[in-house]
Amino acid sequence: MSRGSKLLIALLFGLGATGFVTAQDYPTRPIRLVVPFAPGGGTDLLARTLAQKLNEAWGQTVVVDNRSGGTGAVGSVLVAQAAPDGYTLLLVTSSTHAISPNFFRKPPYDPVKDFAPVALIANAPEILVVHPSIPATSIKELVALAKARPDTLNYASAGTGTIGHMAAELFKVVTGTRITHVPYKGTGDAIREVLGGQVQIIIGAPGAVIQHIRSGKLRALAAATRQRLPELKDIPTFAESGYPAVEASNWYAILTTAGSPNAAIIKLNREIVRIMQAPEIKEMILRQGYEATTSTPEVLGNLIKNDLAKWNKVVKETGMPIN
């Protein structure tokens with residue numbers, strides 16, 4: 001082997017070793033955590049809690065960058081196009097990465113190919129609630145009522161394409177009922193209309209409906225999850241009510257740009273899981289209506305793919321308009 005060849009091999013080996021060390025030493029500079037929603041809501045709370053704890057653990061600043069718009073598209077595209085180095089993270093929900101892309105013939109980002117999964121961090125199973133004036137105290141009674149009075153019952157949602165909207169459409173497909181969708185510009189408006197009796201039904205997250213259930217202003221019929229909710233153990237699941245296919249949760253997860261170093265992703269995953277499973281964090285987010293639910297990158301990747309296919313099927317079966 002010539003002296004030049006030996007020098008080239010040594011140089012290439014040195015570059016590879018340097019890249020390996022850099023990944024192992026991650027992070028060596030500030031991290032940006034993009035939130036594709038406006039400041040203030042529950043998603044922002046999760047992001048800022050996680051950012052603070054990561055900063056405490058690693059001594060590196062984690063900057064929360066709110067980039068709202070396009071049902072999460074603005075922030076998602078930003079991260080999809082970022083340098084694949086693990087220093088730009090994205091807090092996503094099932095709405096941004098399993099539902100919204102199904103409403104576009106050409107989505108502005110690919111929820112699978114453009115991102116690398118890091119970790120699931122929280123989950124908020126949906127709950128079907130009704131106004132007390134509705135003569136139904138169980139899901140089976142509600143289905144019977146809806147079939148006896150087709151197109152007369154209404155359900156509210158925080159808007160077309162939200163998890164509440166999709167969960168209700170899934171409920172209609174599974175039960176064969178005809179209930180009219182009334183979309184609003186946010187959860188607050190939708191809940192207010194159901195509380196007033198203008199709309200009879202809503203499928204919402206625990207954080208949005210739990211106080212009204214406890215006060216008796218709304219009646220909970222079933223939770224769209226496999227197990228009963230810890231904070232609402234007296235509410236049966238849809239599976240217990242005879243409809244196991246009705247399962248819907250708004251999950252929250254951390255992604256980074258596709259092609260980011262695997263070592264950085266593994267380190268991020270371990271630290272995020274440790275933070276989210278800490279008793280004080282679990283208790284804090286439970287009070288906000290979330291369950292601390294974590295995962296490996298592989299499990300999160302499969303969840304995104306499976307839910308993307310699941311909601312795509314609902315969109316097609318119900319004939320929802322696609323842009």
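**Around valine 74**

Author: Valine 74 has a relative accessible area of 42% and is therefore partly exposed, a class lying between buried, under 20%, and exposed, over 50%, as computed with a 1.4 Å probe on protein chains only. This is a predicted model, in which local features need pLDDT of at least 70 and side-chain atom pairs count only at pLDDT 80 or more, while totals for chains, interfaces and linings use all residues. Residues are numbered from 1 along each chain as its sequence is written, and side-chain values use heavy atoms, with hydrogens and water left out.

Valine 74 belongs to helix H3, which spans residues 73-80; helices (H or I, at least four residues) and strands (E, at least two) are DSSP runs numbered from the N terminus. Once neighbours within four places in sequence are set aside, valine 74 is in contact (heavy atoms within 4.5 Å) with Arg67, Ser68 and Gly69. Proline 108 lies 34 residues from valine 74 along the chain, and the C-alpha atoms of these two are separated by 8.9 Å.

Arg67 leads on to the charged groups, since it is linked with Arg32 and Asp65 in a network of salt bridges, each defined as a side-chain nitrogen of Lys or Arg within 4 Å of a carboxyl oxygen of Asp or Glu. Side chains of opposite charge can pair when their charged atoms come close. Aspartate 65 sits in strand E2, residues 62-66, and its relative accessible area of 15% makes it buried. The side chains of aspartate 65 and arginine 32 are joined by a polar contact of 3.2 Å, that is, a pair of N or O atoms within 3.5 Å of which, within protein, one must be able to donate a hydrogen and the other to accept it, residues adjacent in sequence counting only if both atoms are side-chain atoms. Not counting residues up to four places away in sequence, aspartate 65 touches Arg32, Leu33, Val34, Val35 and Leu78.

The structure holds 13 salt bridges, and one of them joins the side chains of arginine 48 and aspartate 44 at 2.9 Å, N to O. Because arginine 48 and aspartate 44 are 4 residues apart in helix H2 (residues 42-58), about one helical turn separates them. Within this pair, aspartate 44 is buried at a relative accessible area of 7%, whereas arginine 48, at 39%, is partly exposed.
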